[in-house]
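This explanation leads through a ligand site and then a pair of packed helices.

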Amino acid sequence: MSIMSEKIVVITGATGGIGSALAHWVIEHGGRVAVSGSDTQKVSDLVRELGEHACGLSVDVSNEADNQALVDLAESTFGRVDGAFLNAGIEGRVAPFNDQSDDDWERVFNVNFHGVRLGAKAVIPALKRAGGGSIVMTSSVAGVRGAPGLSPYVASKHALIGLMRSLAAEYGKEAIRINTLNPGPVDNRMMRSIEEQSNPGQAEIVKQAFTTRIPLGRYVNNQECAAMAGFLLSDQASGVTGNTFMVDGGYCAG
Ligand code: NAD
């Protein structure tokens with residue numbers, strides 16, 4: 001039997017690099033998905049690409065009703081929810097701390113922190129109805145170490161680890177497991193944006209500088225992140241809760 005057989009997973013940020021890879025991974029391993037993203041056209045394109053085992057909705061994760069609507073869609077389409085990948089996030093503006101405005105902070109925290117908090121709030125009752133389940137929140141290596149120019153992003157990803165640990169302690173007795181996925185630099189759109197913002201016109205130089213600090217000598221990819229998230233969502237990880245899981249090519253090893 002495939003490891004996601006009969007599993008129904010809600011995915012936010014599914015139209016992006018990592019979320020899309022996880023949606024494909026779940027279906028390839030026998031499960032079904034309710035996907036979401038902020039762009040309506042991208043969500044319908046993804047649902048078409050994934051086929052009959054997927055449904056989808058465009059949402060703003062910082063809106064409580066949108067999170068509820070996504071969970072309701074998953075339950076009404078597939079009858080149950082077993083897991084959630086709360087993965088939507090934005091990098092925000094790369095700028096010195098003193099140049100980050102209140103709006104910059106609010107925008108990043110609304111998506112990266114409140115989006116995940118509201119996603120958990122909506123999905124936990126559904127997981128209870130299913131008799132338990134697994135939540136994976138996408139934090140980052142920026143959840144465990146600082147990065148110049150990215151203070152709102154770094155603070156939001158640290159905050160997620162506190163939220164994850166609190167919820168893991170609170171909901172373990174209800175068989176709900178909660179962990180974070182902590183990718184290092186991923187070879188996708190978000191890193192291209194961070195590289196370009198860090199040194200306009202010189203993105204390749206920024207990439208080289210990051211790469212020299214990664215023991216594997218390269219960025220990780222979307223599929224490597226999805227494989228870890230998928231494992232945590234599966235029953236193979238039935239004893240795993242309250243932890244952070246780096247997929248960073250060794251970046252945090254020093
Ligand atoms: P991406 O930009 O390709 O995907 C981001 C996704 O989030 C998209 O589907 C987008 O529609 C969705 N989203 C953004 N704002 C939203 C909103 N307000 N409401 C609903 N959906 C919204 O980037 P990605 O690399 O796939 O990022 C996925 C997660 O991984 C993010 O939380 C990101 O912070 C984290 N992460 C990425 C990297 C990296 O190097 N790319 C490293 C560490 C962590």
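A backbone N or O atom of Ile18 is placed 2.9 Å from an oxygen atom of the ligand, a polar contact being a pair of N or O atoms within 3.5 Å. For Gly17, a backbone N or O atom lies 3.0 Å from an oxygen atom of the ligand. Asn188 instead uses a polar side-chain atom, 2.8 Å from an oxygen atom of the ligand. Taken alone, the ligand exposes 830 Å², of which the protein buries 91%; accessible areas come from the Shrake-Rupley method with a 1.4 Å probe.

This is a predicted model, in which local features need pLDDT of at least 70, side-chain atom pairs count only at pLDDT 80 or more, and totals for chains, interfaces and linings use all residues. Residues are numbered from 1 along each chain as its sequence is written, and side-chain values use heavy atoms, without hydrogens and water.

Now the helices. The axes of helix 6 (residues 189–198) and helix 7 (residues 203–212) come within 8 Å and cross at roughly 110°; axes are lines fitted to C-alpha atoms over the stretch in contact, with angles from 0 to 180 degrees between N-to-C directions, and helices are DSSP runs (H or I) of at least four residues. Helix 6 is therefore roughly perpendicular to helix 7, a term for angles of 65 to 115 degrees.

Key:
Helices (H or I, at least four residues) and strands (E, at least two) are DSSP runs, numbered from the N terminus. Angles under 35 degrees count as roughly parallel, over 145 as roughly antiparallel, 65 to 115 as roughly perpendicular and the rest as oblique. A polar contact is a pair of N or O atoms within 3.5 Å; within protein, one must be able to donate a hydrogen and the other to accept it, and residues adjacent in sequence count only if both atoms are side-chain atoms.
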